[in-house]
Amino acid sequence: MSKSFRPETYDPPRCWVGDTQKIIYATREEAEAAARVAERDHHTGPLGVYKCPYADHYHLTSL
Ligand SMILES: [Zn+2]
């Protein structure tokens, strides 16, 4: 019983962009899907997708 699964400890891959860490999305489609979910479920306001200037992946940004 000592092993407990704690999904809240799951940490998605992140990338340092300036002074903040942003979640990495491997594809534009994946990032756009995540943006739609966040807008709907977390009331974040409109989110945009952009390609990371440092590596070959995508991030979200508030518009
Ligand atoms: Zn990045």
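Of the 63 residues in the protein, 8% are buried. The model is predicted. The protein contains one helix and four strands, and from the N terminus on these elements run β-β-α-β-β. Among contacts between residues at least 6 apart in sequence, 30% join residues at least 24 apart.

**Helix H1**

- Helix H1 covers residues 28–42, which is 15 residues.
- From its first C-alpha to its last, H1 reaches 20 Å, close to the 21 Å expected at 1.5 Å a residue.
- Glu 29 is found in this helix.
- Glu 29 has 11 other C-beta atoms within 10 Å and is therefore exposed, since the cut-off for an exposed residue is 12 or fewer.
- Glu 29 and Val 49 are separated by 20 residues in sequence, while their C-alpha atoms are 9.2 Å apart in space.
- An α-helix has 3.6 residues a turn, so residues three or four places apart point the same way.

**His 43 and the loop after the helix**

- His 43 follows H1 and lies in the loop between H1 and S3.
- The phi of His 43 is near 50 degrees, a positive value in a residue other than glycine.
- Most residues other than glycine have a negative phi.
- His 43 counts as exposed because it has 7 C-beta neighbours inside 10 Å, and a residue is exposed at 12 or fewer.

**Strands S3 and S4**

- Strand S3 comprises residues 47–51 and strand S4 comprises residues 58–62; the two pair in the antiparallel sense over five bridges.
- S3 and S4 form a hairpin, with six residues between the strands.
- Two positions illustrate the pairing: Gly 48 stands opposite Thr 61 in S4, and Lys 51 has Tyr 58 of S4 as its bridge partner.
- The number of buried residues among the five of S3 is zero, so this strand lies largely in the open; to count as buried, a residue needs 20 or more other C-beta atoms within 10 Å of its own.
- In a regular strand the side chains alternate between the two faces of the sheet.

**Points to locate in the structure**

- Glu 29, in H1, is exposed.
- His 43, in the loop between H1 and S3, is also exposed and has a positive phi.
- The S3–S4 hairpin can be traced through the pairs Gly 48 with Thr 61 and Lys 51 with Tyr 58.

Conventions
Residues are numbered from 1 along each chain as its sequence is written. This is a predicted model: local features need pLDDT of at least 70, side-chain atom pairs count only at pLDDT 80 or more; totals for chains, interfaces and linings use all residues. Two strands pair if DSSP finds at least two bridges between them. The expected span of a helix is 1.5 Å times one less than its number of residues. Two residues are in contact if their C-beta atoms, placed from the backbone, lie within 7 Å.
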